[in-house]
Amino acid sequence: MKDYSAYFNGPSLKNARKRGRSEVQHLDDAFEVPADMVGIGQGQHYFIQTYGCQANERDSEILAGIFETLGYEAADDVKNADVVLLNTCAIRENAEEKVFGKIGYLKTVKKTNPNLIFGICGCMAQEEVVINKILKKYPQVDLIFGTHNIHRLPQLLKQAMLEKEMVLEVWSKEGDVIENMPSTRAHQYKAWVNIMYGCNKFCTYCIVPYTRGKERSRHMSDILEEVEELKAKGYQEVTLLGQNVNSYGKDLDSDDDFATLLEAVAKTGIPRIRFMTSHPWDFSESMIDVIAKYDNIMPFIHLPVQSGNSEILRLMGRRYTREDYIRLFDMIKKKIPDCAITTDIIVGFPNETEEQFLDTLSLYEYCEYDLAYTFVYSAREGTPAARMKDNVERKVKEERLYRLNEIVNAKAKKANDAYIGRIVEVLVDGESKRNPDVLSGYSQHNKLINFKGRKEDIGKIVKVKITQAKTWTLEGEQID
Ligand code: SAH
Ligand code: SF4
Ligand code: F3S
């Protein structure tokens with residue numbers, strides 16, 4: 001086998017942990033198409049399968065944009081594709097298992113189409129254990145690249161076309177900010193807008209700071225330009241993306257912070273603004289005031305708590321206590337009474353006791369969230385928590401998840417019941433997945449609404465009267 005050590009400076013989780021003083025570069029012209037790659041994709045098709053969070057969804061839009069710049073068209077199925085990319089997620093073990101399952105499946109596809117170029121990118125590509133496993137066991141992979149070099153797709157594709165050996169380019173550097181990449185957006189009316197990349201929080205269980213590098217913000221002028229462009233094209237909604245949007249601007253020379261950015265985006269007049277995700281740590285009062293002040297900032301906040309017990313929160317490295325969190329939660333509800341709040345919770349963190357778990361349940365009872373994404377703790381190699389001895393059995397963790405989910409579902413139904421009879425505004429996504437006679441879309445509070453309405457209003461914001469509440473969705477009728 002080829003010696004790959006000379007080909008890439010990583011991936012090394014140890015190197016990825018470093019947060020040096022090196023300047024983040026904002027590069028306007030890092031993306032380029034080599035002359036001999038212009039039009040190389042004419043008559044050929046690409047297929048991208050995306051796993052994980054919106055950061056990956058957005059990266060896949062950029063990868064799709066690059067493919068189309070090269071002349072490729074989107075394929076409707078892997079079987080009809082000439083290039084397949086798996087944009088992977090490393091957040092939990094089961095996320096990785098799914099990807100390995102797919103890699104196995106693609107081996108059979110490659111047998112029928114030996115010219116297929118098969119690539120792996122995204123967060124798993126930043127993990128050395130994964131790379132080593134692929135090098136050893138999955139020779140059907142032609143190309144691996146990481147999260148910091150997606151702009152290099154044309155050059156990497158060219159190499160993969162020319163070389164028989166696997167092409168590997170993963171940088172474990174801290175990351176730059178790369179502007180002016182092409183993009184083919186997944187939706188026509190709502191758009192994701194990156195405001196920052198990476199994460200510096202290093203919660204002890206989490207792999208993201210290693211796979212996504214240092215926290216680095218885009219310049220406010222670049223973000224506003226993107227929002228203005230989207231608005232001019234008729235987009236109704238933007239979601240500002242970052243692992244922790246509250247940290248926006250801390251690495252910039254200017255005084256701009258997330259509150260200033262949010263206000264500036266609100267002033268563009270784009271009809272709807274959302275943002276994801278907020279860490280409770282630096283959620284400022286001025287942010288809450290801006291959200292309360294502007295009608296086009298949606299009254300919906302995803303505010304992951306992870307645990308309701310202060311000792312577990314300390315071990316998780318979350319930087320707040322149960323009391324700090326409740327104080328913030330109460331302040332949001334006081335200043336924005338109608339605000340929907342959702343959360344993320346991990347059960348079964350190493351050595352979590354029954355009492356500590358009960359604190360999570362009691363916090364949930366107090367906050368009565370609109371919804372929660374709940375997970376059993378999954379050890380990620382290289383993170384501090386993975387080195388902790390754990391005395392909680394898998395069975396106990398799963399039982400805790402089950403008990404938590406019962407409360408989550410009951411509160412979700414209760415929160416939804418409160419909407420019966422109310423009129424909400426829905427950005428119409430299209431026909432409902434289950435029934436083409438029914439339309440669906442999201443309300444201001446990010447509730448999924450299925451309703452009887454006019455198909456010509458797809459892509460518009462319409463008024464819907466809620467007639468029925470279920471645990472996950474609301475039903476209603478269009479009234480304007
Ligand atoms: N940046 C976001 C979270 C991104 S990951 C934030 O801090 O809010 C999304 C969620 O996955 C986290 O909120 C956490 O609940 C969960 N998660 C992260 N690492 C995990 C792990 N090792 N095991 C189980 N769940 C995990
Ligand atoms: Fe992970 Fe914590 Fe960063 Fe969120 S804030 S991405 S949970 S390290
Ligand atoms: Fe997964 Fe990477 Fe997002 S690990 S959750 S795709 S940042």
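Q: Helices (H or I, at least four residues) and strands (E, at least two) are DSSP runs, numbered from the N terminus; where is T277 found, then?
A: T277 sits in the loop between β13 and α9 (285-293). A cis peptide bond joins M276 to T277, with omega at about -5°. By the way, this is a predicted model: local features need pLDDT of at least 70, side-chain atom pairs count only at pLDDT 80 or more, and totals for chains, interfaces and linings use all residues. Residues are numbered from 1 along each chain as its sequence is written, chains are lettered from A and ligands numbered from 1 in the order in which they are written, and side-chain values use heavy atoms, with hydrogens and water left out.

Q: Why does N180 count as exposed?
A: Exposed means over 50% relative accessible area, buried under 20%, and partly exposed in between (1.4 Å probe, protein chains only). N180 comes in at 57%, so it counts as exposed. This residue is in the loop between β8 (177-178) and β9, and its phi is positive, about 60°, although it isn't a glycine.

Q: What makes Q306 buried?
A: Its relative accessible area is 7%, and buried means under 20%, so Q306 is buried. Q306 also has a positive phi, about 75°, without being a glycine. Look for Q306 in the loop between β14 (300-302) and α10 (310-316).

Q: How do you know that β9 and β12 pair?
A: Two strands pair if DSSP finds at least two bridges between them. β9 and β12 (residues 237-241) have 5 bridges, so they pair, in the parallel sense. N194 stands opposite L241 in β12.

Q: What makes β9 and β13 edge strands?
A: The open sheet has 3 strands in the order β9-β12-β13, with parallel pairing. β9 (190-194) and β13 (272-276) each pair on one side only, and that puts them at the edges.

Q: How do the residues of the shell around ligand 3 divide?
A: A residue is near a molecule if one of its heavy atoms lies within 4 Å of it. Around ligand 3 those residues are C53, N56, C89, A90, I91, C123, V208, R212 and Q243. They divide into 6 nonpolar, 2 polar and 1 charged. Here Ala, Val, Leu, Ile, Met, Phe, Trp, Tyr, Cys and Pro count as nonpolar, Asp, Glu, Lys and Arg as charged, and the others, Gly among them, as polar.

Q: Which domains does the shell around ligand 3 draw on?
A: At least three residues come from each of domain 1 (25-169) and domain 2 (177-417), with bounds from an automatic or database domain assignment.
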